[in-house]
Amino acid sequence: MNPSQRPNYTFALIVVFIVCFLIGFITTMNNSMIAFCSEAFKLTAQQGQYVNTAFYGAYLLSIPFAFLMSKIGYKNTLILGLAISGIGFIVNSIGIRSAISAGINVYAIFLASMCLVAMGVVMLQNVANPYVMVLGSPEKGAFRMTLSQALNSVATTVAPLFITYVIINGKAPAPEHVPGPFMGLGIFAIIICVILVFLKLPQIDEGKQAEEAGEHHEYKSSVFKYTHVWLGALGIFMYMGVEIGVPSMLPYRFQMLYPDMDSAALAALATQYLAFYWGGMMVGRFIGAGILTKFEPRKLLSACLCLGAACIALSLITASSMVGIWFMLAAGLFHSVMWPLIFNLGLQGLGPHTKAATGIINTGVIGAALLTPIMGIVVDATSVIVALCLMFVYYAYIIWFCNFGSKIGISK
């Protein structure tokens with residue numbers, strides 16, 4: 001199809017970009033609660049990371065949700081995901097207050113309700129990534145993916161500030177202060193859900209779209225036969241250890257630097273500094289979106305992986321001072337483009353299998369549910385410095401996938 005004859009997907013992209021903002025806000029808000037929850041519920045480092053396990057563990061449902069999306073379509077999955085997340089927030093607010101009154105395990109209620117929120121986010125994530133890929137020309141897919149993640153990063157920068165100045169806001173870490181304004185967030189998600197019911201979004205046929213773009217080739221009978229998709233899922237798995245590893249370990253880095261600081265003040269300080277990490281990711285994604293208009297995605301991803309690993313290495317060398325903290329936070333600038341580029345490499349050449357492949361690759365997000373508790377165990381057994389060394393294993397695999405694994409089974 002002539003480029004001038006392609007449909008105008010601007011409005012649909014705006015809707016998806018809003019969803020990306022919401023995904024980033026909810027996800028980062030959850031992770032930013034770790035320091036506060038650890039003090040409120042008197043948790044060990046391992047137990048504190050269960051916040052990540054409860055949330056990211058929901059990504060085990062990515063594959064069945066992706067096949068559900070293939071049946072009901074992008075729009076209906078979008079509506080269902082928003083509804084489930086909204087209900088999860090409302091359950092969180094009501095459930096925690098009820099648990100406190102009944103004297104039962106409040107932390108368990110918090111984890112269960114955030115897992116429900118995460119189920120909705122998984123659906124939204126399944127919609128957002130392939131929708132961005134197919135809403136426009138294939139050659140600009142990586143650019144659109146990076147731009148959507150840049151807007152996602154605006155939300156991830158705002159979320160820690162929201163935690164600091166709205167939820168915490170000088171309050172002592174206690175169970176009754178954990179719910180915060182979750183009821184309002186739930187109602188907001190439900191309102192967006194209702195609005196979307198009445199909006200018209202385009203129906204996308206990825207296979208037909210590829211043919212119209214001049215891509216005529218046979219597809220395999222099943223998405224499960226594409227090796228690069230599975231390797232891409234493992235790439236996302238490792239990436240989650242990189243992206244979430246830094247903010248999850250940050251409170252323990254501050255604890256190492258300021259062992260005599262009051263625990264509540266330490267939790268607030270660590271949460272406040274998270275805005276610099278997520279802010280670096282926001283800046284990096286906007287810059288990356290521009291760079292991708294001129295440079296090949298694999299080269300950019302390889303460079304960012306090496307520079308991110310260098311930041312972590314320098315943070316370990318300077319671990320006894322605030323300089324080490326700043327190097328750790330600076331890694332966010334280079335982590336910024338990794339998610340969209342890994343995802344883009346995993347979705348290459350799939351045509352009608354794009355929806356199902358998204359579910360497979362999204363399953364890799366459980367890396368945050370498994371790798372961060374392992375890092376928490378290492379912190380409890382040894383030190384945060386040893387735990388951070390695990391990140392070099394994650395970097396190494398992603399570099400291999402970028403340059404070799406993502407090309408397996410893809411004809412050039």
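Where is K42 found?

1. **K42.** K42 sits in the loop between α2 and α3 (45-48). Helices here are DSSP runs of H or I, at least four residues, numbered from the N terminus. The phi of K42 is near 55°, a positive value in a residue other than glycine. Most residues other than glycine have a negative phi. K42 counts as exposed, at 66% relative accessibility. Buried means under 20% relative accessible area, exposed over 50%, and partly exposed in between (1.4 Å probe, protein chains only).

2. **Basis.** This is a predicted model, in which local features need pLDDT of at least 70, side-chain atom pairs count only at pLDDT 80 or more, and totals for chains, interfaces and linings use all residues. Residues are numbered from 1 along each chain as its sequence is written, and side-chain values use heavy atoms, with hydrogens and water left out.

3. A search of the whole structure finds 2 cavities of 30 Å³ or more. A cavity is a set of points, on a 1 Å grid over the protein atoms alone, where a 1.4 Å probe fits but cannot get out; lining residues have an atom within 4 Å of a point. Volume is the space filled by probe spheres set on the points, with grid points joined across faces, edges and corners. The largest cavity holds about 200 Å³ of space. It is lined by 17 residues, and T27, Q125, Q149, N152 and E243 are the closest to its centre. At least two lining residues each come from α1 (10-32), α7 (141-168), α10 (227-243) and α12 (263-291). The most come from α1, with 4 residues. The lining has 8 nonpolar, 7 polar and 2 charged residues. In this count Ala, Val, Leu, Ile, Met, Phe, Trp, Tyr, Cys and Pro are nonpolar, Asp, Glu, Lys and Arg are charged, and the others, Gly among them, are polar.

4. **Second largest cavity.** This one has about 40 Å³ of space. Its lining residues are N31, S32, I34, A35, P247, S248, P251, T271 and L274. Two or more of them come from each of α1, α2 (34-40), α11 (245-257) and α12. The largest share, 3 residues, belongs to α11. By class, the lining has 5 nonpolar, 4 polar and no charged residues.

5. **Buried parts.** Helix α15 (residues 338-346) is largely enclosed by the rest of the structure, because 9 of its 9 residues are buried. Among them are W339, P340 and F343. Y277 lies in helix α12 and is buried, with a relative accessible area of 0%. Y277 and W326 are 49 residues apart in sequence, yet 9.0 Å apart in space, C-alpha to C-alpha.

6. **Nonpolar patch.** I94, M183, I187, I191 and I195 make a nonpolar surface patch of about 430 Å². Patch residues have over 30% relative accessible area and no salt bridge; nonpolar side chains (Val, Leu, Ile, Met, Phe, Trp, Tyr) are joined within 5 Å, like charges within 9 Å. Areas come from the Shrake-Rupley method with a 1.4 Å probe; for residues, only the protein chains shown count as cover. Helix α8 (residues 182-197) gives the largest share, 4 residues. I94 is in helix α5 (residues 62-102) and is partly exposed, at 46%.

7. **Salt bridge.** The whole structure has 1 salt bridge, defined as a side-chain nitrogen of Lys or Arg within 4 Å of a carboxyl oxygen of Asp or Glu. It joins the side chains of E296 and R298 (3.9 Å, N to O). E296 is partly exposed, at 35%, whereas R298 is buried, at 11%.

Key:
On a 1 Å grid over the protein atoms alone, a cavity is a set of points where a 1.4 Å probe fits but cannot get out, and a pocket is an open set with protein on both sides within 12 Å along at least five of seven lines; lining residues have an atom within 4 Å of a point.
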